[in-house]
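Okay, thanks everyone for coming. I'd like to walk you through one model today, starting with a strand pairing and then moving on to salt bridges. Have a look while I bring it up.

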Amino acid sequence: MTTGALTLTACGSRSDDSKKSSGDDGGGSNITLTIGVDAPLTGQNSATGLGLQYGTQLAVDDANANKLVPGVTFKVKALDDKALPATGQQNATALVQDSNVIGAVGPLNSGVAESMQQVFATANMVEISPANTNPDLTQGKDWATGKKVRPFKTYFRTATTDANQGGFAADYAYNTLKKKDVFVVDDKQAYGAGLASIFKSKFASLGGKIAGTDHVNTGDTDYSALVTKIKQSHADMLYYGGQYDESELITKQLKAGGVNIPLMGGDGMYSDTYIKTAGAAATGDLATSVGVPVDTLPAAQNFIKAYKAKKYPGDYGTYGGYSYDAATAIIKAVGAVMDANGGKLPSMNDARSKVVDAVQKTDFDGIAGHVAFDQYGDTTNKQLTVYQVKNGKWTAVKSGVYTG
Amino acid sequence: MHTLPQQLANGLFLGSMYGLIAIGYTMVYGIVQLINFAHGEIFMTGAFGALTVWNVLPDGMNIWAALPLMLIGGALVSVLIAVGAERFAYRPLRGAPRLAPLITAIGLSLALQQAIFVWYPGADNAKNFPQLGTHPYHIGSISVQRNDIFLVVAAAICMIGLAAFVRTSRTGRAMQATAQDPDTAQLMGIDTNRIIVIAFAIGGLFAAVAGVAFGLKYGQINYNMGFQAGLKAFTAAVLGGIGNIYGAMLGGLVLGIAEACATAYIANIPGMHQLGGQGWANVWAFVLLIVVLLVRPQGLLGERVADRA
């Protein structure tokens, strides 16, 4: 009811829509703000995408229950981008046009984020991704040459970048696993290709040999010719930049072809679905992921309990905790903006841009680690973990901070 | 070059699957001049039908014992959908301009995909499909999966069976007659509607076999697997000479082998490094199609471009 009334009035009014009192909460002035979520909720990648929606939902539920921002009730509006950049852009437009939306959590895919950033920047609305790892998004196209330029000041992320992830993986493969010849494959997407090329250059700089490279199309199913090529290259490991949808097929066909080398990938592969679908072929495969395992963090125990109690179908493991922290950062920013404005929310346009500035100053202990952003909008939390499939489960084998 | 036999084998397996699906395109086209773009989805629903049978069978059942039942289940679904599509989506439009049934076909294809996506439990992600075992056999330098053997044997049996059926049975001869000239065939007392339904049913049956083979080979099936497979099979049908059932099989094999070899060897040609690899397999498949159509517009085994009076 409250939302409905607000939506109707918000278009016409410039400055006083926040002062509307609903009177259904004991008489105090109470407004409802929406936090948008964009992620693949159906189709490919949905197993991890749903984690974004539910992580955000839990943060919002907790904020409302604990009255984190007095006088404000938060709501979640989740939109499905199907992992498609064009759909993500439509969703971004829909979110900025909804005058109740104060900020957004998402998306999952770096390629989708590329198409959304400009929309949020134009509307001066904050977007915090718990999952995007492509360095271009925060540091510009030329980050690898050292010329870092932040393209959009409205974009933040709670996940660390592939520059760290790819390097961390190369370091683990070379120094811990003692792999010398690695075949590198990617899916030509912003995330996968970026990750693979960072891995490749880091692995080579450590002294490793690249046994061969190849690219696949997303949606392909037959990798037999690729497997034969890898077999012939006598590589002792396969590194794959991409999502689990393709890598689970590749690892299965690789092992069925008699090539018993581990497949290593990034967080796009770190999903229970990967193990469920690849079955026994996944044993020994590795994936890096951002942060440390959420279930080892004392601060996250309530989150995990709440997540499990709701019986959500998605994984919280990969991004649920980071989504929780991203949403909490937005909520806290709203609180800070209101505090600075005498306890009232400024007009929506004003509020949105002030929230962006407040998010930049974020500084609190989240459930997945400390939450703060550097001058590029990247998280200052650069923890990473290597996971390996053991007994049908992802098991953390090494956590650490990667500094390059 | 010692990987060549293995790559040829890879291509042969992949090509057998394309060929099985291509037969559905080619038979329907040969008789009603309709490109049934929903055929890829008929293949997909066949795989889901077979998976459903596997899921309702008791746990721990031997896959070899279950396989015939799965084939029957998949075939029932595919044939039913193929015949249903003919009856309710295409027959009412027979005689309409050729664009109309083409649009219906595309609509039907999307509808079937979305129906599985929405209504089949858990089909928004890949569904696991049982496999025949993952220990390969080694024949010389070639390693072969049981799944691949099933695929090749199934394709061979289907093909020989169909050839015998078309050549020797009364219905088969009626099909040839209808393909040649439906109006005259009807005047000769052939029930052309029945023949068309049979063509759709055989196409559906083969698509179901291919669907089961796909599931066994890759261990998983997807609601959108019909799109790419269907496109490739259509390409195979055109490559072989659309309307010709032997051409469909040959086109499938040529396409599969071309893809495997392009993936493996084009990157080795000096100056072509950027144009090889797995990601380019589809590009080379279509380049091959274009070249064949330029040199031989009727396809490899096509006899002539029919220009009926």
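So, this is a predicted model. Start with strands β11, residues 363–366, and β12, residues 369–372, both in chain A: they run antiparallel, and 4 bridges join them. The two form a hairpin with 2 residues between them.

Now, salt bridges. Over all chains the structure holds 17 of them. Let me pick out a few.

First up, A:Asp98 and A:Lys77, whose side chains meet at 2.8 Å, N to O. A:Asp98 sits in the loop between α3 (85–97) and β3 (101–105), while A:Lys77 is in strand β2, residues 72–80, so this pair ties together parts of chain A that are 21 residues apart in sequence. A:Asp98 is buried, at 16% relative accessible area, whereas A:Lys77 comes out partly exposed at 28%.

Next, A:Asp214 with A:Lys229, where the closest N and O atoms are 2.8 Å apart. Here strand β7, residues 209–215, gets linked to helix α8, residues 224–233, with the partners 15 residues apart. A:Asp214 is buried at 3% relative accessibility, and A:Lys229 counts as buried too, at 15%.

Then there's A:Asp285 and A:Lys255, at 2.6 Å between the closest N and O atoms. A:Asp285 is in the loop between α10 (272–278) and β10 (286–290) and A:Lys255 in helix α9 (residues 244–256), so the pair ties together parts of chain A 30 residues apart in sequence. Both residues are buried.

And finally, a network: A:Glu114, A:Asp136 and A:Lys141 are joined by salt bridges that share partners.

Key:
Residues are numbered from 1 along each chain as its sequence is written. Chains are lettered from A and ligands numbered from 1 in the order in which they are written. This is a predicted model: local features need pLDDT of at least 70, side-chain atom pairs count only at pLDDT 80 or more; totals for chains, interfaces and linings use all residues. Side-chain values use heavy atoms; hydrogens and water are left out. Two strands pair if DSSP finds at least two bridges between them. A salt bridge is a side-chain nitrogen of Lys or Arg within 4 Å of a carboxyl oxygen of Asp or Glu. Buried means under 20% relative accessible area, exposed over 50%, partly exposed in between (1.4 Å probe, protein chains only).
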